[in-house]
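Hi everyone, thanks for coming. Please have a look at the model on the screen, and then we'll walk through a few places together.

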Amino acid sequence: MKIHEYQAKEIFSRFGVAIPKGMPAFSAEEALTACDYIGFPCVIKAQIHAGGRGKGGGIRLVHNQDEARQNIEELLTRPLVTVQTGAAGKKVTRLLIEQSVQISREFYVGITIDRSRARQVLMVAQEGGVEIENVARTHPAAIAKMYALPGFGLQNFQFRQAASILGLTGEAYKKALKLFGSLYNVFRRTDAALVEVNPLVLTADGNLVALDAKLNFDDNALYRHADYQNLRDISEEDPDEVEAAKQGLNYIRLTGNVGCMVNGAGLAMATMDIIKHFGGEPANFLDVGGVASASTIASGFRILLADPHVKAVLVNIFGGIVRCDRVATGIVEALKTIELKVPLVIRLEGTNAIIARQYLAQTGLPFAVATDFADAARKVVKAVQGC
């Protein structure tokens, strides 16, 4: 789960991470009041769940009330377009008003899980305030990584190593050690998936301040943090993903045109892979779980078909816990409740698969039944190409 910068900074502050003086605002009036309270010059920062706000014009330095009023109005009335929002941009409904900081140097610091090594990793770079994803892609050596020791986690000697890599000395070096420890405590104690400061700045008076803050929680651990669940901003999430979660479905929108309805995360990933192998592009990840009942399948169809980019749908179910004939019955019942305007390909394998395929063939409904995994992918890709 993602949260806004101002929310992340509140949590950072509880753990002893230095942040600029700031106030969130939810209207133009509140923002102007906050500017007066913080004092000029101050910084107005759009609060959206997307990076690249600085280059997109979402972070603005203002020196007086007139500048503040004009910039606040622009931010709250126009979609903010960044490298991560897409061309349509995102509507800004929240602002963070912060004091202006005199910057001497900028750094990058992040803590996350390296899944290839199954270990926590502390990452630092001497250049902050930039698109760190581009740095990682074009100059990976510029990002130093310290991996947690199995059973012990990140250690003080690794914090010292990170501070040295950043070129910090004296009091700044000591403050960096404390800051790294505080960020690691945030990561561990909030069950975070990502803790990131970009940029972490060394100010003109020698302080280390988190000028930005990103904190993503591990969804699987949120049941342990009821207070953090209240920080969720549903307006920043895909409406179909929100609706899918309400229906107990795991759905993630992608950019392709082949809708996928599958049971099991592993099979869903394999389905997307084989669609791409045969020249198609998956439009989503959708795991309907082990039951695949008529109501569940109907909900899945509605979510898939709400995406205007979907030109064909592939239902790929393996009957292990659930019998394929019951799934087939569920599909037919679901199709009675929805209007299907795109080609549909069905592949059922596992318990009673032959009975299920025979039943589907006898219904006379307008869908294609695949004989195997590859046949299903070929048929659905061909169906899209024929649209």
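Let's start with Leu 122, which touches Val 109, Gly 110, Ile 111, Ala 144, Lys 145, Met 146, Leu 154, Gln 158, Phe 159 and Ala 162, leaving aside residues up to four places away in sequence. Contact here means heavy atoms within 4.5 Å. This is a predicted model, where local features need pLDDT of at least 70 and side-chain atom pairs count only at pLDDT 80 or more, while totals for chains, interfaces and linings use all residues. Residues are numbered from 1 along each chain as its sequence is written, and side-chain values use heavy atoms, with hydrogens and water left out.

Leu 122 is also among the residues with the most contacts inside the largest nonpolar core, which has 42 residues. A nonpolar core is a set of buried Ala, Val, Leu, Ile, Met, Phe, Trp, Tyr and Cys residues joined through side-chain atoms within 4.5 Å. Buried means under 20% relative accessible area, exposed over 50%, and partly exposed in between (1.4 Å probe, protein chains only). Helix H6, residues 170–189, gives this core its largest share, 8 residues. Helices are DSSP runs of H or I with at least four residues, numbered from the N terminus. There is a second, separate core of 33 residues, including Cys 324 and Val 342.

Now, is Asp 238 buried or exposed? Asp 238 counts as buried, because its relative accessibility is 18%. You'll find Asp 238 in the loop between helix H7 (226–229) and helix H8 (239–246).

Technical notes. Helices (H or I, at least four residues) and strands (E, at least two) are DSSP runs, numbered from the N terminus.
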